[in-house]
Amino acid sequence: MTASPSASLSFDAPSDAFLDRVRDHVRALPESGIVEVMNYGRNRPGMIPLWAGEGDVPTPAFICEAAAKALHGGETFYTWQRGIPELRDALARYHAELYGVPVDPSRYFVTGSGMQAIHIAVAMALGAGDEMILPTPAWPNAAAAAQKAGAVPVEVPLAYGPDGFTLDIDRIAAAVTPRTRALFINTPANPTGFVATHDDLKALLALARAKGLWIIADEIYGRFYYDDAERAPSFHDVMAPDDHVLFVQTFSKNWAMTGWRIGWIEAPPALGQVIENLVQYSTSGVAAFMQRGAIAALEEGEPFVKEQIARARLGRDLVADTLLATGKVDLVKPKGAFYLFFGIAGESDVRKLGLKLVDEANVGLAPGTAFGAGGEGFLRLCFARGAHQLDEAAQRLARWIAGRA
Ligand SMILES: Cc1ncc(COP(=O)(O)O)c(C=O)c1O
């Protein structure tokens, strides 16, 4: 006789029965404020989606081919937890070239994305009840990573004025408490385009030294810098070997590899075993064939990276100039990253505005409120796309702004 499903096998149990046993701090993780508008608009015909933090160019063929070759060549086994030696060597050379630091492969640890790099840094620095200070508006995932570790993200709004967003070190210092363990510093910043000056970085380091804090340095947009220098100011320029700085990094943006999920941490070699353990007990390493692709990116990717930066600079100017010409936007051209963060005169409810722009302009932007304190009244627009699409999006927005009156 075949058994028929009994009531006890029903899948209709009330959801609270499951949610009640999920740990409070995990259940309390916020839903992304960007996803609401994406879900609302993603299938609209002709929609120009500028809400996400990625470009429209697929990973270059030479990177894909290096990964495919390794995959077909049998690199399908468990691998080094810290990353394959060849990739760690390539990372050391890349950093030496870009930042003028000594070549030392033992400082580099391969992770399954910049996001995992952040989780590892947070896991080393923070525990239940500890506080992590972060200037906002900020990409929401860093605060959420702290919350996931049971820690408390403390938002400190950047100052905003005619020069755009700037760091107010006194506000940051005033937010330090006996529970503070880390400063999370993203420069150039998503979503504001804020770029810390060398003086800002020195002041942050001095504060971290005085209070015994970690600095988690997220400089993933460091190459996307529009001030006629090869890269933005970095903690590398001002730190000493004994400073407690953990760099979180990614292949996602420079080399158009967002879907690969591969990044790295740069940290003092003394932390090697701890980081190895954190990788071992989470993902147990990054696929070796993907790491071969990453080596190709570092070794052959310079012309591609430079092209992406030039394209982003053009995109920034194109959209910003069209919007500024309306005379109805509050917008300062960002010095770094690839986002405009701007307000439209008379539009304060940006959550509703994001949805309205989907309906009425067919352009997808992220509401500033998704990025924490200080984001009210702003919209984020990603300009890492081709000029044709950006021009069309800017025209649509300008027409929408003019048509409101
Ligand atoms: C500021 C910042 N840091 C880190 C990341 C992580 O990138 P990924 O997880 O794709 O490596 C992102 C992605 O958008 C970001 O904007």
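Domain bounds in these legends come from an automatic or database domain assignment. This is a predicted model, in which local features need pLDDT of at least 70 and side-chain atom pairs count only at pLDDT 80 or more, while totals for chains, interfaces and linings use all residues. Residues are numbered from 1 along each chain as its sequence is written, and side-chain values use heavy atoms, with hydrogens and water left out.

**View 1. The largest pocket draws on both domains.** Domain 1 (21-59 + 304-403) and domain 2 (61-300) each give at least three residues to the lining of the largest pocket. Here a pocket is an open set of points on a 1 Å grid over the protein atoms alone, with protein on both sides within 12 Å along at least five of seven lines; a cavity is a set where a 1.4 Å probe fits but cannot get out, and lining residues have an atom within 4 Å of a point. The volume of this pocket is about 640 Å³, counted as the space filled by probe spheres set on the points, which are joined across faces, edges and corners. Its lining has 32 residues, and Gly-53, Trp-139, Asn-141, Asn-190 and Lys-253 are the closest to the centre. By class, 16 are nonpolar, eleven polar and five charged (Ala, Val, Leu, Ile, Met, Phe, Trp, Tyr, Cys and Pro count as nonpolar, Asp, Glu, Lys and Arg as charged, and the others, Gly among them, as polar).

**View 2. The largest cavity holds about 100 Å³ of space.** Its lining divides into ten nonpolar, two polar and no charged residues. Among them are Leu-134, Pro-135, Phe-184, Ile-185, Asn-186 and Asn-190. Strand β7 supplies the largest share, three residues (strands, E, at least two residues, and helices, H or I, at least four, are DSSP runs numbered from the N terminus).

**View 3. The second largest cavity has about 50 Å³ of space.** Helix α5 (residues 85-99) gives the largest share of its lining, three residues. Look for Tyr-94, Leu-98, Tyr-99, Arg-223 and Trp-264, among others, around this space.

**View 4. The largest nonpolar core has 62 residues.** Such a core joins buried Ala, Val, Leu, Ile, Met, Phe, Trp, Tyr and Cys residues through side-chain atoms within 4.5 Å, buried being under 20% relative accessible area with a 1.4 Å probe, protein chains only. Leu-87, Phe-251, Trp-255, Ile-262 and Phe-342 have the most contacts inside this core. Both domain 1 and domain 2 give residues to this core, so it lies between them.

Key: Buried < 20%, exposed > 50% of the residue type's maximum accessible area, 1.4 Å probe, protein only.
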